[in-house]
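Load the model and keep the sequence beside it.

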Amino acid sequence: MFNYFLRRFGQSFLVLIAMSCIVFLGVFAIGNPIDLLVNPQADEIERVRATAALGLDRPLYEQYFTFLKGAASGDLGRSFVFGVPALELILSKMPATIELALFAMVIAVAIGIPLGLVAGLRPDSLIGRSIMAFSIVGFSLPTFWVGLVLIMFFAVQLGWLPSNGRGETTLLFGVPVSFLSWDGLSHLLLPALNLALFKLSLLIRLTRAQVREAVLQDYVKFARAKGLSQGRVIGVHILKNIMIPIVTVIGLEFGSVIAFAIVTESIFAWPGTGKLLIDSINQLDRPVIVAYLMVIVALFIAINFIVDLVYSLLDPRVRLGQSSGGGH
Amino acid sequence: MTGLQETSQASPHVQTPFDRFWREFAESRLALLGLAVLIIVMVIAIAAPLLAPQNPYDLAQLDVLDGKLAPGEQSMGGKTYLLGTDDQGRDMLSGIFYGLRISLSVGVMSTLFALGLGLVFGMLAAYFGGWVDTLIMRIVDIQLSFPSILIALILLAVFGQGVDKVIVALVAVQWAYYARTVRASALVERQKEYVEAATVLALSKPRIVFRHMLPNCLPPLIVVATVQVAHAISLEATLSFLGLGMPITEPSLGLLISNGFTYLMSGKYWISFYPGLALLITIMAINLVADQLRDVLNPRLKK
Amino acid sequence: MSVVLEVENLQTHFFTKAGVVKAVDGVSFSISRGKVLGLVGESGSGKSMTGYSLMGLIDPPGRVVDGQIRLNGVDVTGYDNAAWRSLRGNRLAMIFQDPMMTLNPVLRIDTQMIEAIDAHQKVSKRSALDRCREALARVGIPSPDERLQAYPHQFSGGMRQRVAIAIALLNKPDLIIADEPTTALDVTIQGQILFEMQKLCRESGTALIWITHDLSVVAGLADEIAVMYAGKIVETGSVAQVLDRPMHPYTNGLLSSVPSSNVRGQPLKQIRGMTPSLLAIGGGCAFRDRCDYRQALCDDMPSLTTSAVAGAVSDTSHAVRCHYPRNYPGHYPRVA
């Protein structure tokens with residue numbers, strides 16, 4: 001078990017190094033930031049001076065090693081635009097993104113799993129079909145278009161909820177969060193709903209498919225043959241089995257929620273890392289783009305790692321190994 | 001078991017595989033509806049210049065004074081626009097027709113390129129196995145563990161805007177799905193007796209791969225490709241909406257929506273809403289068809 | 001000898017898109033305390049559906065449309081879900097084919113046993129555990145205390161089936177329905193389980209319906225046999241009657257295809273063709289297309305009668321559904 005995790009860790013590290021190389025090389029190819037950063041009227045001497053100050057005059061491999069060396073000590077360069085360390089900038093925007101992503105995930109789980117259960121248990125009923133239709137629609141809708149409609153409806157037409165910014169934040173363990181005040185919560189609601197919709201549809205489908213498979217299993221028949229109540233058969237026998245793949249998917253999808261937050265944050269002007277990324281791309285703020293990608297890759301690796309761990313804790317077959325003579 | 005029965009009762013009217021496929025497909029009315037809508041959308045996209053009330057990109061036909069007219073509102077020149085006009089007085093309906101054309105062609109083209117690429121790599125992995133397989137599949141795995149939007153954004157950030165670059169980005173995010181699908185079904189096919197029989201007959205390797213294995217890998221590939229066209233269209237729209245996709249000279253639906261977003265807050269919803277609706281209808285139609293295709297073509301779900 | 005279960009004209013139909021499938025079509029039999037009934041047939045003959053019908057476990061699109069199921073003299077056919085639930089696992093128990101699949105892989109054995117008691121009685125956890133331990137010991141599982149803490153994957157296939165049997169026995173049911181419970185097991189394990197089931201039923205007086213496609217299994221185990229074909233019982237009687245003096249061509253065919261010492265040196269016979277689709281049999285004897293002795297009358301459905309073959313001793317308990325019953329040279333297959 002321990003060896004397995006050690007190997008996984010080694011693999012993850014290699015991926016991280018490879019990604020840093022690709023990201024760095026790729027991002028290096030984006031335009032020439034000097035054009036944007038230096039006053040167009042500036043003379044050649046001024047440009048050369050700025051280029052040297054940013055380290056852009058040195059050979060590519062040297063820049064990469066400088067970058068790697070810095071990265072190892074947590075220094076991913078300085079933002080060309082803001083003049084602050086890029087990592088610091090990203091991390092300062094991270095709580096907003098994480099809060100949005102978590103809130104969206106909570107909405108998706110709280111609504112998606114129960115609906116998926118109903119649709120899986122009654123696949124041919126009106127309600128089962130309606131839930132499936134809803135999930136097909138939710139699957140088809142591009143996130144940005146849903147955001148648009150939400151703004152159009154709740155912000156412009158009804159005027160119930162604000163459509164941009166984060167609203168009032170409260171400090172929770174030193175981290176600013178929105179959901180503790182009504183103003184913050186009202187700002188959080190629309191973007192979170194927007195971000196949740198796709199995962200909500202996904203969870204409905206996944207849960208439904210799992211339930212449909214589970215109800216055909218002999219252990220469900222056997223549980224019913226024992227005279228257990230419907231509630232216990234569903235709530236314990238079915239749910240405990242299907243929770244293993246569902247929890248795994250929820251974990252893995254969390255990374256994708258953070259990635260899709262790029263779109264949602266841009267629409268709702270949510271001051272998170274995604275909006276920062278788009279702004280940075282538009283302003284050719286290379287170090288911020290690189291830092292964002294490195295943070296995201298690290299986050300993805302961490303998520304995969306944690307999901308693996310949780311999975312092995314949930315499933316007794318993995319947790320206890322496949323020994324058939326156990327029980328000592 | 002049923003196969004034996006069927007051959008023994010060789011019926012007078014010969015049933016082709018397509019007949020059976022079509023009968024099973026037509027079992028879902030929703031899928032038929034999706035197919036009908038999809039055909040209409042495709043006809044509109046192909047014949048946009050013939051069907052559109054105006055050429056939205058011919059500046060001579062535009063009048064800025066007609067800008068931002070609501071659907072059905074009469075312009076100074078006495079014209080009415082069914083879906084209103086945008087800020088430059090462009091007829092939204094025509095804009096949508098032309099936008100569909102661009103969105104669909106980008107989606108279909110990128111899917112075809114990705115399909116070809118994925119097919120080649122998937123087959124290579126399945127056929128050669130060993131380190132070729134390991135290398136290709138490891139790349140596929142790593143790529144698929146990152147959301148497509150993230151990869152596409154980065155590629156576009158690196159390459160800059162342009163139709164060709166959007167297509168490259170869309171191909172890059174899609175090929176891995178095909179490679180994985182092709183490899184999986186090719187491996188299954190490889191175990192089957194007919195491949196063994198073909199090998200015994202000493203048919204050449206390419207012949208075995210292309211004439212024998214490939215046709216049997218097609219059904220799952222068709223399903224994935226259908227889903228992926230919808231995905232590609234949606235992704236292109238998203239990228240264009242974020243301002244990193246199509247250039248303004250190629251106004252896809254996503255770009256139209258992005259253009260109207262500025263006016264959404266002031267209640268001029270139609271500039272964004274109707275292109276979005278067109279996008280939505282297209283994607284939904286494709287997904288409905290894809291869903292039914294999966295049910296019909298997936299032997300695992302067959303009773 | 002008291003009758004535990006009487007089934008009369010049981011009809012279980014499935015209402016599918018392709019048409020009504022009469023999975024169980026007029027099945028009648030009865031079984032007494034401590035007796036074993038072997039319900040024999042090929043897959044698709046309706047034997048498992050008969051079992052599920054008796055447990056009230058037929059799900060839509062299936063439904064028990066007609067007939068009576070009398071448990072200890074009480075007609076339970078019209079019972080609602082709650083009433084059936086109070087019978088299941090309590091008066092009626094069922095064991096399934098694949099022991100790898102019947103126990104829930106993510107729940108501990110004690111959870112799966114205690115819930116079976118809790119579903120029917122309010123008892124303290126301690127006394128419930130005592131009963132679980134006792135049940136495990138009865139089916140021959142060593143060190144039940146440790147085993148209760150284990151998960152199913154820590155048991156071998158045979159042990160899992162023993163656990164399933166222990167669960168079925170927990171509430172001392174009047175009837176156990178065993179749906180091919182030994183098919184997935186090794187032959188030696190199969191023998192042990194058969195022996196123990198027989199012993200347990202004799203001791204406790206529990207009646208047992210053993211559903212199987214394997215005549216050699218019921219030969220050593222059952223008191224009576226009912227052979228099913230296409231939803232109907234085609235021949236029924238005591239083990240000796242049905243196996244030694246089969247009168248239905250299908251029973252004869254089944255017996256002839258069992259390898260056994262009686263036919264050493266002779267090629268094995270087989271029944272030609274395959275089980276017909278229940279949608280396509282139409283009227284008449286369902287076996288007629290595969291029967292070597294088909295005659296004109298076979299296009300009408302024969303009834304299950306005790307009509308004796310000319311020259312044979314008339315026997316009231318040996319019934320056959322055939323217009324032309326005859327005495328086939330039976331033989332008594334043995335467990336390998």
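Residues are numbered from 1 along each chain as its sequence is written, while chains are lettered from A and ligands numbered from 1 in the order in which they are written. The model scores ipTM 0.84 and pTM 0.78. Where pLDDT is low, the predicted coordinates should not be read in detail.

Take chain C on its own. It holds 11 helices and 11 strands. Both are DSSP runs numbered from the N terminus: helices are H or I with at least four residues, strands are E with at least two. The radius of gyration of chain C, taken over C-alpha atoms, is 21 Å.

Now turn to the interface. Here 33 residues of chain C are in contact with 25 residues of chain A. Contact means that the C-beta atoms, placed from the backbone, lie within 7 Å. On the chain C side, the elements giving two or more residues include helix H2 (81–87), strand S6 (92–95), helix H4 (109–118) and helix H7 (157–169). By class, that side has 17 nonpolar, 10 polar and six charged residues. Nonpolar covers Ala, Val, Leu, Ile, Met, Phe, Trp, Tyr, Cys and Pro; charged covers Asp, Glu, Lys and Arg; the others, Gly among them, are polar.

How does H4(C) cross helix H5 (residues 125–138) of chain C? Their axes come within 10 Å and cross at roughly 115°. Axes are lines fitted to C-alpha atoms, for helices over the stretch in contact, and angles run from 0 to 180 degrees between N-to-C directions. H4(C) is therefore roughly perpendicular to H5(C), a label for angles of 65 to 115 degrees. The crossing is right-handed: the near helix is turned clockwise from the far one by less than a right angle. Residues of H4(C) including Met113(C), Ile114(C) and Ile117(C) meet residues of H5(C), among them Ala128(C), Leu129(C) and Cys132(C). This contact has six nonpolar, no polar and three charged residues.

Among the contact residues are Leu100(A) and Val109(A) of H5(A), and Ile250(A) and Phe254(A) of H10(A). The contact divides into 14 nonpolar, one polar and no charged residues. H5(A) also packs on helix H8 (residues 182–215) of chain A, at about 35° with the axes 6 Å apart. That crossing, too, is right-handed. Its contact has 25 nonpolar, four polar and three charged residues.

Finally, check the backbone of chain C. Most residues other than glycine have a negative phi, and most peptide bonds are trans. A cis peptide bond joins Pro60(C) and Pro61(C), with omega about 10°. Pro61(C) lies in the loop between helix H1 (47–55) and strand S4 (62–71). Ser143(C) is not a glycine, yet has a positive phi of about 40°. Look for Ser143(C) in the loop between H5 and H6 of chain C.

Terms used. Predicted model: local features only at pLDDT ≥ 70, side-chain atom pairs only at ≥ 80, totals over all residues. Contact = placed C-beta atoms within 7 Å. Parallel < 35°, antiparallel > 145°, perpendicular 65-115°, else oblique. Rg over C-alpha atoms; globule rule 2.2 N^0.38 Å.
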